[in-house]
Structures are given as structure tokens and as C-alpha cells.
Amino acid sequence: MSLSVSDSHGGYQPDNPITIPPLYFWPPKPLKTLHWLLTGLLFPWGFLFILISVLSWNYLTPGTEKMASFEFSWIAQIWLRNAALLMLVAGGLHWWLYIRRTQERSYKYNSNWLATGRKKFLWSNQVKDNMFWSIASGCTVWTLYEAFTHWLYASGYVQQVEWSESPVYLVLMIIGVFFWSTFHFYLNHRLLHWKPLYELAHELHHRNVNTGPWTGISMHPLEHIIYFSLFALWWIVPVHPVIVLLTGIYQGISPSVSHSGFDQIELGKNKRVTAGDQFHNLHHKYFEVNYGNTPTPMDRLFGSWHDGTPEAHKVMKDRRRLDQY
Ligand SMILES: [Zn+2]
Ligand SMILES: [Zn+2]
């Protein structure tokens, strides 16, 4: 293990520094970029979220005629679907990694298990606290944005783009969801670190220094309103509703994977699937670095990029020292 950023919790540290994706290399590297798009960005989780979105649109979403006018029943149906999907992924990961402890601490960033008996969490229990904020507030705000967006399309205020008309445009927009989400996340997250907003809202998410699958969208309702506002792009840019669904599913569910606390999930002898996001894990550890995600490396542009190496750690510490004067 070559990486040696001092870690008081003695957990797993990935070997290699975190690098920017080949998409941003100059001169351009088209083959490397394509490889990264398919494997680094989309496989396996991105493809899974796209699949869930397609299935949800076909089987788990009310018909367009229904969604043309606001009614409690169809909005509640969407809430139930979103909560069930989150329960399936976050609950499934939690069961596999933390209840069954299938791989014990292997690839776990922080060697401690999730907190119990800590007063900062509701019911003094980190998992129950995280589940409450994710389901009660997270799924609700996500559903309201999604339902409003469906209503705009169903009632004809925004013209729905059909697959038979513009398949290439829609495929590009599907990939665009991953970039829009991570770019939007950098901006809204930077805003949430503005002291008044941090103290009012974002502090709740940061109570989790050691994260688990339910930490993903465990946020204050005000943060949920800001975090899920990315739906607004589809109020101006017309797409197909399956892309509206993907936007919510990616924003609502992918954080349970990235916050899982485990860099890799072992699926058997020598079989592993990538899970946790060390880049964001460092944000939970050190707060003032890595506001965004690697697919849109805004932190690199604005000097808050921490690649996990001792050198990057020194830069961060020096900056903190300067900030004190
Ligand atoms: Zn987080
Ligand atoms: Zn933060």
C-alpha cells in the first residue's frame, strides 16, 4: 500500500492517487475517453440505474393522462416506488455489508462500524437517523420534483422528445445526466458550505464522518430542496420522461453506493465490484476539499482537489494554516 495519508481510523486506503478522467486530457485521447465512459463512468452502477429507469418508466410510473393533472394518488405512487427502490439498494447494501458483514472490514475506508449511542444522531443511532432523513425528507422532495416535471410533460407545457424522433439526442442526454448531476452537485455543495447554510442545513449530512449506504441522501430538507433542484434543467431542455426518471434515480440512489463506506464489494473469490467513492470519502473526512465528483473535476479548477496522496494532504494543511491568519 503506497498511500500513507495518516488515518486515525486505520481503514483501507486505495493505492493510486485519484486522477482526472481522460476526457479532460490534452491532447485528446478518444479511445481512453471512450473506455473511461463505458467502464469508469457507467459500468456497472450507471448501467444499472439506466436499466432501473427504463423498467420504472414502463412498469412503475402512472400513465401520462393521469399525470396531466395533480392528484395525491399518483404522486403517492411515485413516492412509494422511489422509497422502495432506495430501500432495495441502500437497504440491500446495508444488509450485505453491515448486518451480514459479508466481507468484514475488507476494503472499508474507516475501520469503525456505524455509530450507536451517539447523541448527535436521532434516537442516538446513526443508521436509524440516516434512514429517517433519507426516506421522510429525501424521497419526498425527490418525488415532488419528479412529479412536477412529469406534470409539465404530461400536460404539454414541455414538449416530450420521442425515441423514434431523436434517438441520438436522447442517448447523449442520458450520458448528460451523469455530467449534469456531478456539475450541479459541485455548485450546490459549494453553496451549502457557506457558513449560514452549513450551520442551518448541511451540518446534518456531515455528522456522518464515517459513512454507510443510508448516509447517501441523509440530508436536511433544505439541502434536499437545493440538491434535487437539478430537475429544473428538464423544465427548459425537453427530453423523454425516462431521462427525468434517471435524473431522480441517479441523484437519489447512487449516493448509497458512493457512501457505502467500502471501496469495493467482494462478490466471491477474486470477483469485486467498485462501490465507495474515495474522492467524496475524503470530503467527509476533511470537509474543505473535494466538493464535487471526479466526472466533472471542478475542484481541480478551483484548487480544492485532494487526490488522497500525502502531497495533496500537505497542500490542504498549508491552505488551512494560511486561512487561520
Ligand atoms: Zn456525502
Ligand atoms: Zn459537504
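## Confidence in the model

The chain's mean pLDDT is 95, and 97% of its residues reach 70 or more; pLDDT is the predictor's confidence in each residue, from 0 to 100. This is a predicted model, in which local features need pLDDT of at least 70 and side-chain atom pairs count only at pLDDT 80 or more, while totals for chains, interfaces and linings use all residues. Residues are numbered from 1 along each chain as its sequence is written, and chains are lettered from A and ligands numbered from 1 in the order in which they are written.

A contact here is a pair of residues whose C-beta atoms, placed from the backbone, lie within 7 Å. Where pLDDT is low, the predicted coordinates should not be read in detail.

First, the naming: helices (H or I, at least four residues) and strands (E, at least two) are DSSP runs, numbered from the N terminus. F25 sits in the segment before α1. With 14 other C-beta atoms within 10 Å, F25 is partly exposed; buried would take 20 or more, exposed means 12 or fewer, and partly exposed is in between, with C-beta atoms placed from the backbone. F25 and K66 are 41 residues apart in sequence, and their C-alpha atoms are 47 Å apart in space.

Now for two prolines. Most peptide bonds are trans. The W26 to P27 bond, though, is cis, with omega near 0 degrees, and P27 lies in the segment before α1 (30–42). Another cis bond joins F43 and P44, with omega about -5 degrees; P44 belongs to the loop between α1 and α2 (45–59).

## How α10 packs

Helix α10 (residues 241–258) meets α4 (residues 72–99), their axes coming within 9 Å and crossing at roughly 20 degrees. Axes are lines fitted to C-alpha atoms, for helices over the stretch in contact, and angles run from 0 to 180 degrees between N-to-C directions. That makes α4 roughly parallel to α10; the cut-offs are under 35 degrees for roughly parallel, over 145 for roughly antiparallel, 65 to 115 for roughly perpendicular, and oblique for the rest. On the α4 side the contact uses N82, L85, L86, V89, A90 and L93, and α10 brings G248, I249, G252, I253, S256 and V257. That splits into eight nonpolar, four polar and no charged residues. For the classes, Ala, Val, Leu, Ile, Met, Phe, Trp, Tyr, Cys and Pro are nonpolar, Asp, Glu, Lys and Arg charged, and the others, Gly among them, polar.

What about α2 and α10? They pack at about 135 degrees with axes 9 Å apart, which means α2 is oblique to α10. Residues from α2 in this contact include W45, F49, I50 and W57, while those from α10 include P241, L245, I249 and Y250. By class there are 14 nonpolar, three polar and no charged residues.

## Two positive phi values

Most residues other than glycine have a negative phi. N270 has a positive one of about 60 degrees without being a glycine. N270 is in the loop between β1 (264–268) and β2 (271–274), and counts as exposed because it has 6 C-beta neighbours inside 10 Å.

F287 also has a positive phi, near 65 degrees. Its place is the loop between α11 (278–286) and α12 (298–302), and F287 counts as partly exposed, with 14 C-beta neighbours inside 10 Å.

How values were computed
Contact = placed C-beta atoms within 7 Å.
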